[in-house]
Amino acid sequence: MQLTDYPEWQALVDHTQVATDNLVTLFENDSNRAQDMNLQAAGLFVDYSKNRITAETLTLLQDLARARNIEAATTAMFAGEKINTTENRAVLHTALRYQGSEPIVVDEQDVLPEVRDVLRRMGEFSDNIRSGSWTGYTGKPIKNIINIGIGGSDLGPVMAYEALKHYSDRSISVKFVSNIDGTHFTEAVRELDAAETLFIVASKTFTTDETMTNASSARAWLLAALRDESAVAKHFVAVSTNNEKVSEFGIDTANMFGFWDWVGGRYSLCSAIGLSVMVAIGRDNFQAMLEGFYAMDEHFRTAPIEENLPVTLALISLWNLNFLGAQSEAILPYDQYLNRFAAYFQQGNMESNGKSVTKAGEPVSYQTGPVIWGEPGTNGQHAFYQLLHQGTLLVPCDFIGFAKPLNELGQHHSKLTANLLAQTKALAFGKTADTVRSEGVAEDLVAHKTFVGNHPSNTIIAKQLTPQTLGALTALYEHKIFVQGVIWDINSFDQWGVELGKVLATDIFKELTNPGTTQQDQSTNLLLSKLRELK
């Protein structure tokens with residue numbers, strides 16, 4: 001049965017046709033609305049009252065969640081069942097941050113001893129780098145770490161490193177190279193001393209084209225300076241599962257940190273993929289981040305649907321997308337350290353739920369994953385908030401803020417927080433034409449200065465941006481994505497859509513480097529011809 005045939009879905013369709021009150025009216029008619037429409041978990045407080053929903057809307061959405069067996073699906077994921085059906089894999093990123101003692105079994109084997117052994121080795125490695133006891137080929141301590149990866153092997157570490165930079169050791173420079181554009185690598189190593197630089201090459205198979213192209217350039221750059229093949233072992237470590245390829249590259253497999261096929265790339269931050277982050281912030285802060293993940297994992301796993309924060313945010317997002325027609329969501333953190341958070345969940349959400357067929361391979365007849373985007377406030381206010389307030393598109397927003405700043409400077413944080421709260425208020429309640437007129441605005445400008453309001457948003461606040469808070473916040477969004485995938489009956493844990501472009505690029509690369517070897521479509525042939533002419 002298609003999702004749209006469920007009685008619970010049809011009830012929501014009927015409800016949409018009668019749920020016409022705007023946010024001003026909803027608040028006027030319920031003096032307890034804000035008190036009733038919030039949830040707390042793992043150090044996060046979420047106000048979701050500024051959404052176009054009523055108590056009945058929530059009940060109907062929760063009925064749909066139950067009809068789609070959200071609780072059973074959650075249990076299956078945490079139990080290590082192979083819910084990634086197209087790849088026949090378990091989905092167990094939660095095991096990477098599990099703080100309990102019960103075994104987690106995949107294919108009749110408890111995975112926890114191996115997970116914790118890798119974390120122990122990561123800790124020892126990061127301690128050695130931070131203390132200076134790990135030295136490069138010439139005996140100099142390592143001062144520069146460059147993480148080479150792409151996708152989840154890059155976006156997660158970049159986001160977490162930027163988010164937790166306040167806690168990092170500033171005597172160690174940490175950079176990230178992902179793009180196959182040679183500029184990314186060239187600028188990353190500019191003015192660095194090779195004798196003080198260590199590369200972390202993150203690729204599960206050690207065959208990812210972009211990553212291995214950059215790694216090969218890094219190897220050549222190092223050897224041009226140090227002129228001894230044996231130097232590679234002192235300046236490269238690998239995050240991979242392919243011993244043979246790692247060894248061929250010249251990396252000592254004793255300096256290889258493994259992970260498992262039940263860890264998807266975009267969910268891999270808590271694995272050895274986070275090694276660069278651990279080096280930057282230290283093993284204790286990394287452990288605190290894992291504890292934050294675990295706190296939200298446990299809340300999601302155990303809280304009933306009505307009190308479950310990831311489930312609630314997933315359902316509200318689904319309501320906005322499938323029933324109110326919003327096709328994108330903005331993530332707007334009011335903390336500069338979270339400048340890569342929206343970009344991280346562009347991948348997290350869009351690669352997970354950007355699917356157009358069900359698990360059974362049948363076309364869906366409803367919208368699935370939204371477009372995710374955003375920038376930190378207040379920068380975004382002077383860029384795209386005009387469209388949010390007065391444009392023709394409906395864009396639900398998540399605002400993220402903190403009670404205490406990490407860098408106390410005059411009245412900066414109070415002004416930042418005032419802007420956050422003002423934006424959520426303005427989006428929800430707007431400004432009527434009568435109010436504009438009462439301010440003495442000329443009639444020909446009244447329409448231009450009127451704000452319709454009625455734009456939905458959530459506000460997520462915490463005491464301070466700590467490693468633990470970041471873990472909880474990241475897990476919140478991970479589980480929100482999972483819940484929506486279950487309801488939409490899609491596989492959130494494969495990414496076949498990335499493959500076709502890779503295959504075609506290999507073929508076109510042959511034509512670029514050896515003209516006449518392949519035949520492309522007429523448009524591509526024209527572009528190839530023009531590129532050769534310009535070159």
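This is a predicted model: local features need pLDDT of at least 70, side-chain atom pairs count only at pLDDT 80 or more; totals for chains, interfaces and linings use all residues.

Residues are numbered from 1 along each chain as its sequence is written, and side-chain values use heavy atoms, with hydrogens and water left out.

A word on labels. Helices (H or I, at least four residues) and strands (E, at least two) are DSSP runs, numbered from the N terminus. Two strands pair if DSSP finds at least two bridges between them. In general, strands of a sheet pair through backbone hydrogen bonds, either parallel or antiparallel.

Now the sheet with mixed pairing. It is an open sheet of six strands, in the order E1-E2-E13-E12-E10-E11. Which strands stand at the edges? They are E1 (38-41) and E11 (371-373); each has a single partner strand, so one side of each has no neighbour in the sheet. From one strand to the next, the twist averages 15°. For angles, axes are lines fitted to C-alpha atoms, for helices over the stretch in contact, and the values run from 0 to 180 degrees between N-to-C directions.

Inside this sheet, E2 and E13 (residues 457-462) run antiparallel and are joined by three bridges. Asp47 has Thr459 in E13 as its bridge partner. Two helices lie on these strands. H14 lies across E1, E2, E10 and E13, at about 140° to E1. H15 lies across E10, E11 and E12, at about 165° to E11.

The other sheet I will show is parallel. Five strands form this open sheet, in the order E6-E5-E7-E8-E9. Its edges are E6 (173-177) and E9 (256-257), each with a single partner strand, so one side of each is again without a neighbour in the sheet. E8 (residues 236-239) and E9 run parallel and are joined by two bridges, and Ala238 stands opposite Met256 in E9. H7 lies across E5 (144-148), E6 and E7 (197-202), at about 150° to E6. H8 (residues 182-189) lies across E5, E6 and E7, at about 170° to E6.

Next, a pair of helices. The axes of H6 (residues 112-131) and H13 come within 10 Å and cross at roughly 145°. Contact here means heavy atoms within 4.5 Å. On the H13 side, the contact is made by Arg283, Phe286 and Leu290, and the H6 residues include Leu119, Arg120 and Met122.

Then H5 (residues 70-78). Ile70, Ala73, Thr74, Ala76, Met77 and Phe78 of H5 are buried, where buried means under 20% relative accessible area, exposed over 50%, and partly exposed in between (1.4 Å probe, protein chains only). Their cover includes H4, H13 (283-302), H14 and H20. Just after H5, Gly80 takes a positive phi of about 85°.

Now the lysine. Lys50 sits in the loop between E2 (44-47) and H4 (55-67). Is Lys50 buried or exposed? Lys50 counts as buried, because its relative accessibility is 13%. Leaving out residues up to four places away in sequence, Lys50 touches several residues, among them Leu23, Phe27, Phe429 and His455.

On a 1 Å grid over the protein atoms alone, a cavity is a set of points where a 1.4 Å probe fits but cannot get out, and a pocket is an open set with protein on both sides within 12 Å along at least five of seven lines; lining residues have an atom within 4 Å of a point. Grid points are joined across faces, edges and corners, and a volume is the space filled by probe spheres set on the points.

There are three cavities of 30 Å³ or more. The largest has a volume of about 100 Å³, and H14 gives the largest share of its lining, four residues. The second largest cavity holds about 50 Å³; there the largest share of the lining, three residues, comes from H20.

The largest pocket holds about 920 Å³. Its lining has 35 residues, and those nearest its centre are Thr208, Gly265, Gln495, Glu499 and Lys502. H7 (152-163), H9 (209-226), H15 and H21 (499-513) each supply at least two residues of that lining.

That is the end of the tour.
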